Amino acid sequence: MAHLNEHYLKLKAGYLFPEIARRVRQFSEEDPEQGKSLVRCGIGDVTEALPPAVIEAMHRAIDELASRETFRGYGPEQGYEFLRHAIAENEYRKRSIDIAEDEIFVSDGSKCDCGNILDIFSHQNRIAVVDPVYPVYVDTNVMVGHTGPADPSGAYEGLVYLPCTKNNGFVPEIPSERVDLVYLCFPNNPTGSVATRGQLECWVNYALSAGAIIFYDAAYESYITEPEIPHSIYEIPGALECAIEFRSFSKNGGFTGVRCGFTVLSKSLMALTSGGKKKALHPLWNRRFSTKFNGVGYPVQRGAQAIYSQVGQAQVRSLIGHYLGNAQILAESMRSTGLEVFGGRNAPYIWVAAPTGYSSWQVFDKLLRDVQVVITPGVGFGVQGEGYFRVSAFNSRENAEEAARRFKKVRW
Ligand code: MLT
């Protein structure tokens, strides 16, 4: 009989969002009437239609596929030149960051890349994650065997957890022990915090001196409203030599269902062989892409390119403005009831301290039962998330206003 990958057996319950969906389904089955009036502020999934510029570009691309003369089959695994060029120009060169087109790898999303990147790293690395954390970073390490079992609190043996608390403004401190790989995410999911230039400089200097590599997830960078906050880790000198950046079109262009993102891996980024020799990682990631991936669909890449057109940029700004407007409405409603509220200013997530005496799953259950609003319990993101809950601002304005009204009615 075949043998399974036992590392999967170490994973706790289900992935957070399916678990929430299961509880919500159960509630709706028990009480179908109330189930109908649910307002979902749980998973960070966009609700608004794709920008018209994207739709037009995708329609045009489909038409090209409809005729033999303009038809395209397999594309370059790493992404079409037109999209890699648009990304390099608009995301990096405009910020005076020198990224070559072939250092950009277009993929079906940053969640996949954050997991897939582990393919090119050894099992010897000591890995640090922040706490609370986007569960994908942890679970993908568990799956490939980089951890031992979870303890009763849910923390995995072998991982270094960097607490993000109210005291450090939800930005982790530099670890006191040696780590080789560290996951950072700014604007942060779930806390909505951002890192200042100075804080990112500390991280880059640390990584350069320790020979560590930062996995920098910047999926929410387009929500940054404060001009002094860096959008890319590569705005920090030296970061090309110590960081891999993950980006997404999900939360700016609304591509959560369309699927497109990209990873930037500079040719100057090195890691050690078991013999202690420094080697570039770029050829390995490139090789992985060519072997395990056949590229993102042509119409999708044309759609992503359209995000960078003048009209596309204006449409994206308006979408972001819409979600940030929701964040403001939701944050204010909770603040007005005396809750302590963080984030939501440079991020589509609001991180709220649970009222005294409530665990984060108790808040989840109370909001579901009393006012039929779905949130995400903070503990689902890690031990330090206990005592908090996350409210997603991805919603229609009508639903955000309705959720805000209902938050005000809750008697804690
Ligand atoms: C979230 O709610 O944290 C996100 O939607 C998850 C994701 O982007 O995969």
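Across the whole structure, a search finds 20 salt bridges, a salt bridge being a side-chain nitrogen of Lys or Arg within 4 Å of a carboxyl oxygen of Asp or Glu. The model is predicted, so local features need pLDDT of at least 70 and side-chain atom pairs count only at pLDDT 80 or more, while totals for chains, interfaces and linings use all residues. Residues are numbered from 1 along each chain as its sequence is written, and side-chain values use heavy atoms, with hydrogens and water left out.

| Salt bridge | N to O distance |
|---|---|
| Lys-267 and Asp-102 | 2.7 Å |
| Arg-126 and Glu-177 | 2.8 Å |
| Glu-245 and Arg-247 | 2.8 Å |

Lys-267 and Asp-102 link distant parts of the chain, 165 residues apart. Lys-267 sits in the loop between strand 8 (261–264) and strand 9 (270–272), and Asp-102 in the loop between helix 4 (81–92) and strand 2 (104–107). Helices (H or I, at least four residues) and strands (E, at least two) are DSSP runs, numbered from the N terminus.

Are Glu-245 and Arg-247 buried or exposed? Both are buried; that word means under 20% relative accessible area, exposed means over 50%, and partly exposed is in between (1.4 Å probe, protein chains only). Arg-126, at 29%, is partly exposed, and so is Glu-177, at 36%. Glu-245 and Arg-247 also belong to a network with Glu-91 and Glu-221, joined by salt bridges that share partners.

Seven strands form an open sheet in the order 2-8-7-6-5-3-4, with mixed pairing; two strands pair if DSSP finds at least two bridges between them. Strand 2 and strand 4 are the edge strands, each pairing on one side only. From one strand to the next, the twist averages 20°. Strand 3 and strand 4 pair in the parallel sense over 5 bridges, and Val-130 has Leu-162 in strand 4 as its bridge partner.

Helix 7 (residues 197–210) packs on the sheet, in contact (heavy atoms within 4.5 Å) with strand 4, strand 5 and strand 6 (213–217). The direction of helix 7 makes about 145° with that of strand 6; axes are lines fitted to C-alpha atoms, for helices over the stretch in contact, and angles run from 0 to 180 degrees between N-to-C directions.
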